Amino acid sequence: MKASPTNTQAAAAILEVVARIPRGRITTYGAVASRAGQPRRARLVGRVLSQLPAASRLPWHRVVGAGGRLALPQGSAAYERQVARLRREGVEVARGRADLRKHGWNSPVGGLDRWLWRVGDSGDET
DNA sequence: ACAATGACGCCTC
DNA sequence: AGAGGCGCCATTG
């Protein structure tokens with residue numbers, strides 16, 4: 001039975017991590033890969049997600065590229081779908097880019113940490 | 001077995 | 001900031 005495309009284990013781990021992403025938060029392919037125990041397998045994450053059945057309840061839309069850039073082809077149906085879902089969860093998306101700084105999973109910003117670290121309050125960003 | 005491709009990432013120009 | 005190049009990995013032609 002090798003009807004399984006990629007390593008079922010890695011794939012399962014990846015799916016589990018993605019399923020774990022809290023609503024309203026986003027993370028990156030690389031981060032998911034690392035969390036799944038497969039560092040440097042960002043591409044594998046993308047592959048797994050790309051093969052997700054349409055009926056899947058997985059919050060794949062919470063996974064974006066490094067820096068919050070959306071990895072899907074801009075203008076594609078999937079792309080629009082992701083943007084819509086993210087915004088619906090309160091995630092700001094502008095110019096093909098999600099605000100990872102604000103909604104990043106485990107990001108320093110997102111609550112109390114913002115006060116502790118004063119992220120984005122030191123005038124280092126716009 | 002080799003070349004090309006892709007929901008990636010980081011570096012350099 | 002936009003564009004190009006190289007590294008990585010698994011699938012496909």
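**View 1. Glu89 is buried, because its relative accessible area is 14% (buried means under 20%, exposed over 50%, partly exposed in between; 1.4 Å probe, protein chains only).** The model is predicted, so local features need pLDDT of at least 70, side-chain atom pairs count only at pLDDT 80 or more, and totals for chains, interfaces and linings use all residues, while side-chain values use heavy atoms, without hydrogens or water. Residues are numbered from 1 along each chain as its sequence is written, with chains lettered from A and ligands numbered from 1 in the order in which they are written. Glu89 belongs to the loop between helix H4 (77–88) and strand S3 (93–94) (helices, H or I, of at least four residues and strands, E, of at least two are DSSP runs, numbered from the N terminus). Leaving aside residues up to four places away in sequence, Glu89 touches Arg23, Gly24, His61 and Arg62 (contact means heavy atoms within 4.5 Å). A polar atom of the Glu89 side chain lies 3.0 Å from the backbone nitrogen of Gly24.

**View 2. Arg62 occupies the loop between H3 and strand S2 (63–64).** Arg62 counts as buried because its relative accessibility is 10%. Its side chain makes a polar contact of 2.7 Å with the side chain of Glu89 (a pair of N or O atoms within 3.5 Å; within protein, one must be able to donate a hydrogen and the other to accept it, and residues adjacent in sequence count only if both atoms are side-chain atoms). Beyond four places in sequence, the residues that Arg62 touches include Ile21, Pro22, Thr27 and Leu86.

**View 3. Among the 14 residues around DNA strand B, Tyr29, Gly30, Arg43, Trp60 and Ala66 come nearest (near means a heavy atom within 4 Å).** The surface near DNA strand B has seven nonpolar, five polar and two charged residues.

Conventions: Nonpolar A, V, L, I, M, F, W, Y, C, P; charged D, E, K, R; others polar.
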